[in-house]
Amino acid sequence: MLEVRSITAGYDGSTALDDVSIEIRSGELVGLLGANNAGKSTLINCLSGIVKPRSGSIHFEGEDISGLDPHEVVERGIIQVPEGRLVFPQMSVRENLLMGGIGRQARALRSERMDKVLVTFPRLQERLTQDAGTLSGGEQQMLAIGRGMMAGARVLMLDEPSLGLSPLFVQYIFETIRSLHESGLTILLVEQNSNLTFRHASRCYVLERGRVAIHGPSSVVKDDPATRKAYLGL
Ligand code: ATP
């Protein structure tokens, strides 16, 4: 469904990704792991069109999407939920959700999608008129995921959804990710929390200093000594 072929990318003179290839099949939940600065965010920023690869290509359902702008990538249903959530703090929960559905195609389906988001996250229903800035970190994460659903996600890319959340919310967010996956959504999960990722993802890629150090079924990657080495950045 989504395929990254041998991309290299970076900033100014530095290289953040070097010859990286990954593949995500329709309906899969794939984990992307790695230590700080391994290149995880750069990779999903390439997928969402924010960072342009220097070489290599990205394909979605057979189409080369490497050169597309972020809004064109969103139109295809490839949606990034950014690290740190980035909700609009002075807008209500409802307005934040509506902002997710302003694309040309998303507009017609707004109320249907809103219903689905509010069934998925009853806490957002309770806080619909509240400013997003007053929500807890976990609730903001729900809102950020809900916004992605409003945009009509077919592939949801989650950048560190557990970051800074209390254990209870981490558990809740991961249960939600699991149920979104079970409902048919394709998910790329970027995490530092390797145990939770191994538990939920069927396959994982581990990045080490901009390269794929190891990839395969989570059960295999989990026990490979190379994973620990890459993860600890040794
Ligand atoms: P983290 O888990 O800390 O978010 P990461 O695995 O997502 O790390 P990236 O954020 O992709 O890693 O960073 C990869 C490399 O690119 C690092 O060396 C980082 O310093 C550099 N980098 C990331 N963003 C920028 C930027 N906007 N400008 C310059 N260098 C950047």
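I take a polar contact to be a pair of N or O atoms within 3.5 Å. The model I opened is predicted, so I kept to its cut-offs: local features need pLDDT of at least 70, side-chain atom pairs count only at pLDDT 80 or more, and totals for chains, interfaces and linings use all residues. Residues are numbered from 1 along each chain as its sequence is written, and side-chain values use heavy atoms, without hydrogens and water.

**Ligand**

I looked up G39 and found a polar backbone atom 3.0 Å from an oxygen atom of the ligand. For A38, a backbone N or O atom lies 3.1 Å from a ligand oxygen. K40 uses a polar side-chain atom, 2.8 Å from an oxygen atom of the ligand. The protein covers 61% of the 630 Å² of accessible area that the ligand has on its own (Shrake-Rupley method, 1.4 Å probe).

I then listed the shell, counting residues with a heavy atom within 4 Å. There are 13 residues around the ligand, and N37, G39, K40, S41 and T42 come nearest. Helix α1 (residues 40-47) gives the largest share, three residues (a helix is a DSSP run, H or I, of at least four residues).

**Largest pocket**

I noted about 720 Å³ of space in the largest pocket. A pocket is an open set of points on a 1 Å grid where a 1.4 Å probe fits, with protein on both sides within 12 Å along at least five of seven lines; lining residues have an atom within 4 Å of a point. The volume is the space filled by probe spheres set on the points. The lining has 29 residues, with V74, I79, M99, G100 and A151 nearest the centre. Where does this pocket lie? It lies between domain 1 (1-77 + 154-170 + 186-233) and domain 2 (83-152), because both give residues to its lining. The domain bounds come from an automatic or database assignment.

Conventions: Polar contact = N/O pair within 3.5 Å; in protein donor to acceptor, adjacent residues only side chain to side chain. Helix = DSSP H or I, 4+ residues; strand = E, 2+ residues; numbered from the N terminus.
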